[in-house]
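Biologist: Could you take me through the pockets and cavities of this model, please? I would like to know what lines each of them.

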Amino acid sequence: MTVTTAVRKPRTTAPAQIGGVRDSRVDRLFMAALYLLLVTFLAVVLIPLIYIVASSLSSPDAVSSGQVALWPVDFSLRGYEVALSDPQIVTGFANSLFYTVVGTLISVALTIAIAYPLSRKDFFGRNLITRVIVFTMLFAGGVIPTYLVVKSFGMIDTRWALIVPNAIGVWQVIIARTYLRHAIPEELYEAAELDGAGDLRVLWSVVLPLAKPMIAVIALVYAIGQWNSYFDALIYLKNDDLYPLQLVLRNILILNTQGDSSMDAATMLERQQMADLLKYSLIVISTVPVLLIYPFVARHFTKGVMLGALKG
């Protein structure tokens with residue numbers, strides 16, 4: 001008696017079916033509309049940037065006459081030469097760099113110092129303290145009371161006037177508190193406490209390594225706000241050597257656009273043309289540092305903005 005064993009071939013139709021599924025007409029229309037929307041958003045953001053860079057690399061006459069579109073006309077670096085030859089620009093750049101670096105470090109440290117205890121369930125009175133912090137975001141004292149407080153602490157016309165008053169952002173505290181409360185498991189705290197770690201040790205060895213995305217987000221927000229700030233300097237500072245870059249650029253543009261009755265028409269026209277060119281050159285100079293910083297925190301920033309998203 002002969003026994004014949006039949007070998008069954010494995011079914012491979014499922015992947016072929018999955019790979020052979022064609023998008024419906026509605027799906028194709030939706031994807032086309034989505035790509036069109038993304039391209040439109042990209043054009044809205046990219047075209048003004050290209051125009052600014054092209055204008056900054058053009059001649060003053062071409063910029064004033066409106067000949068520049070998306071490509072430099074009569075290529076020239078005169079705008080950058082005039083801007084960077086001004087010692088106030090260099091001083092303002094160094095001041096803004098100091099305010100941004102030192103202010104961001106202090107702001108991030110204070111924000112985490114507040115958010116960490118508020119994220120712990122065993123911290124007594126955390127809900128009340130959170131409500132008080134949120135109340136300060138809804139109701140501010142105003143410019144004059146804030147100025148009087150800064151003056152009473154002797155910070156007028158000092159670097160600390162641009163760092164201390166705005167060192168803590170309420171919204172950043174809420175973001176950090178929410179992240180530390182939901183992204184870090186409670187079991188890690190318990191395990192660290194069983195190993196004999198104190199609060200500072202837990203914060204340094206457990207919380208901070210796991211909170212890098214959140215730290216990158218709030219650090220970027222603080223740095224951009226500090227770099228672009230000029231109103232506080234306009235109120236609190238009197239010494240030109242302490243001015244940040246944004247205030248220096250503002251003063252240069254105002255001085256180059258103000259006319260003098262003693263000037264002849266040719267001189268006033270040349271000055272107006274240079275003011276138009278400087279406007280674009282200074283925008284590029286003040287924007288480049290932020291563009292250089294972002295790629296280093298982009299990876300963490302992408303993770304941080306997903307805070308609160310659903311997990312699969």
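Modeller: Happy to! On a 1 Å grid over the protein atoms alone, a pocket is an open set of points with protein on both sides within 12 Å along at least five of seven lines, a cavity is a set where a 1.4 Å probe fits but cannot get out, and lining residues have an atom within 4 Å of a point. Grid points are joined across faces, edges and corners, and a volume is the space filled by probe spheres set on the points. Please keep in mind that this is a predicted model, where local features need pLDDT of at least 70, side-chain atom pairs count only at pLDDT 80 or more, and totals for chains, interfaces and linings use all residues. Residues are numbered from 1 along each chain as its sequence is written, and side-chain values use heavy atoms, with hydrogens and water left out.

The largest pocket has a volume of about 780 Å³. Its lining has 31 residues, and Thr146, Pro165, Asn166, Ile168 and Gly169 lie nearest the centre. Two or more lining residues come from each of helix H5 (87–119), helix H6 (126–138), helix H7 (143–152), H8, H11 and helix H12 (231–236); helices here are DSSP runs (H or I, at least four residues), numbered from the N terminus. By class, this lining has 17 nonpolar, 13 polar and one charged. Ala, Val, Leu, Ile, Met, Phe, Trp, Tyr, Cys and Pro count as nonpolar, Asp, Glu, Lys and Arg as charged, and the others, Gly among them, as polar.

The second largest pocket comes to about 410 Å³. Among its 19 lining residues, Thr100, Thr104, Ala219, Ala223 and Ile293 lie nearest the centre. H5, H11 and helix H14 (265–304) each give at least two residues to this lining, which divides into 17 nonpolar, two polar and no charged. Thr104 also pairs up with Gly225: they are 121 residues apart in sequence, yet 9.4 Å apart in space, C-alpha to C-alpha. Gly225 sits in helix H11 (residues 212–228).

Turning to the cavities, there are two of 30 Å³ or more. The largest cavity, of about 50 Å³, is lined by Ser96, Tyr99, Leu162, Gln226, Ser229, Ala233 and Pro244. That makes four nonpolar, three polar and no charged residues. The second largest cavity has a volume of about 40 Å³, and its lining includes Arg120, Lys121, Arg181 and Glu186. Helix H8 (170–182) and helix H9 (186–194) are the elements that give two or more residues to this lining, whose classes are three nonpolar, one polar and four charged.
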